[in-house]
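The following paragraphs lead the reader through one structure, beginning with a single residue and its surroundings and ending with the chain as a whole.

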Amino acid sequence: MTDLVIRKIPWEFDEHVPFLWQPENPNFGIFCNAFTFIAVPFEKYIINALRQVQDSLAEDPEVAAEAEAFLRQEAQHAAAHRKHMLALIRRYPDLEDAYQIAVQSYDDLIDRYPVEYHAAYIANLEATFTPLFKVFLDNRDTLFAGGDRRVASLMVWHFVEEVEHRSSGLLLYQHLVADPWYRVKHIKATFDHVSAVMADIARAFDRIVPFEDRGASAEQLMSPALLVNEFKFRVPGGRRRRARQAGAPTLFSSVPTGDLAKMAWRLALSQTPNHDPADQPLPDWADTWMREYDRGTDMTVFYGTDTSSSPDMSSGSEP
């Protein structure tokens with residue numbers, strides 16, 4: 001039976017939550033805001049896809065239990081990100097366009113392809129989360145430093161739980177599709193679609209949110225050359241090239257090159273036919289987060305900086 005835990009955390013966001021919630025790394029803040037806007041329609045997409053195969057999943061009690069727990073965790077994520085998203089829309093009403101664009105894109109995907117494709121899409125995308133979020137959690141002190149405690153806490157919770165259910169997408173895919181190469185065949189289509197949705201969200205951010213409220217270009221951040229550029233800035237002469245560009249720090253600017261290289265390698269491995277997310281190196285701090293949750297700590301403000309009340313901007317504690 002599945003060992004996933006369904007954690008119902010009382011997230012609250014209001015119109016005072018800033019779009020630029022991470023002023024020390026605006027690109028990281030924009031990335032997380034875009035993650036919020038795609039998380040809600042992506043969860044709806046997962047539900048719509050798995051609803052088509054309920055009878056098949058029910059044939060295996062262990063698979064059915066995994067699917068149920070996976071969907072319940074994703075539903076919690078979507079509900080929390082919806083609160084964050086609606087708070088941003090209250091500040092910038094036209095951001096509703098960014099959400100509707102993403103919803104329409106996933107609705108079109110459901111209509112155009114068979115359920116086997118959706119299983120491959122979900123497995124492919126979910127496989128990338130462990131190496132990506134391991135880097136985020138391992139480097140949390142620099143990536144989240146100075147960031148709004150409410151948004152930072154939301155993000156680390158989601159990243160931890162994505163690592164926890166890292167194998168769910170593949171388990172469901174393997175139950176529905178016997179051929180591991182079918183998933184590989186649809187890698188390009190999967191990430192072409194994800195990139196297109198993220199680019200649409202980024203264009204909406206740049207169009208709607210004033211530059212002084214975001215601190216960087218969302219569209220430039222979401223460029224397909226994101227990782228390539230990160231490495232180009234780390235080779236000889238890279239610092240000079242980065243200085244000539246000026247602007248905000250890059251998304252991974254505070255991440256050591258070794259961590260970035262391992263992430264890139266593991267992202268590539270995650271798309272191979274025999275990849276098993278269960279074998280991936282995990283962020284040790286995820287266990288710390290889970291222990292704090294079990295102790296009854298208020299996880300809605302567990303990590304980050306209090307930007308809403310106290311003038312001393314006290315940092316969130318970490319055991």
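D206 is found in helix 10, which covers residues 187–208; helices (H or I, at least four residues) and strands (E, at least two) are DSSP runs, numbered from the N terminus. The model is predicted: local features require pLDDT of at least 70 and side-chain atom pairs count only at pLDDT 80 or more, while totals for chains, interfaces and linings use all residues. Residues are numbered from 1 along each chain as its sequence is written, and side-chain values use heavy atoms, with hydrogens and water left out.

The side chain of D206 has two polar partners to consider. One is the side chain of S217, with which D206 makes a polar contact at 3.2 Å. A polar contact is a pair of N or O atoms within 3.5 Å; within protein, one must be able to donate a hydrogen and the other to accept it, and residues adjacent in sequence count only if both atoms are side-chain atoms. The other is the backbone nitrogen of E219, which the side chain of D206 reaches at 3.0 Å. Apart from neighbours within four places in sequence, D206 is in contact (heavy atoms within 4.5 Å) with R214, A216, S217, A218 and E219.

A polar atom of the Q22 side chain lies 3.1 Å from the backbone nitrogen of E24. Beyond its neighbours within four places in sequence, Q22 touches F28 and G29 as well as T142, L143, F144, A145, G146 and G147. Between the C-alpha atoms of Q22 and T257, which are 235 residues apart along the chain, the separation is 22 Å.

Turning to the whole chain, there are 16 helices and 0 strands. Its radius of gyration, taken over C-alpha atoms, is 19 Å, close to the 20 Å that the globule rule gives for 319 residues, so the chain is as compact as a globular protein of that length. That rule is 2.2 Å times the number of residues to the power 0.38. Along its principal axes the C-alpha trace spans about 55 × 45 × 40 Å. Of the 319 residues, 54% count as buried. Among contacts with a separation of 6 or more, 81% come from residues 24 or more positions apart.

Key. Buried < 20%, exposed > 50% of the residue type's maximum accessible area, 1.4 Å probe, protein only.
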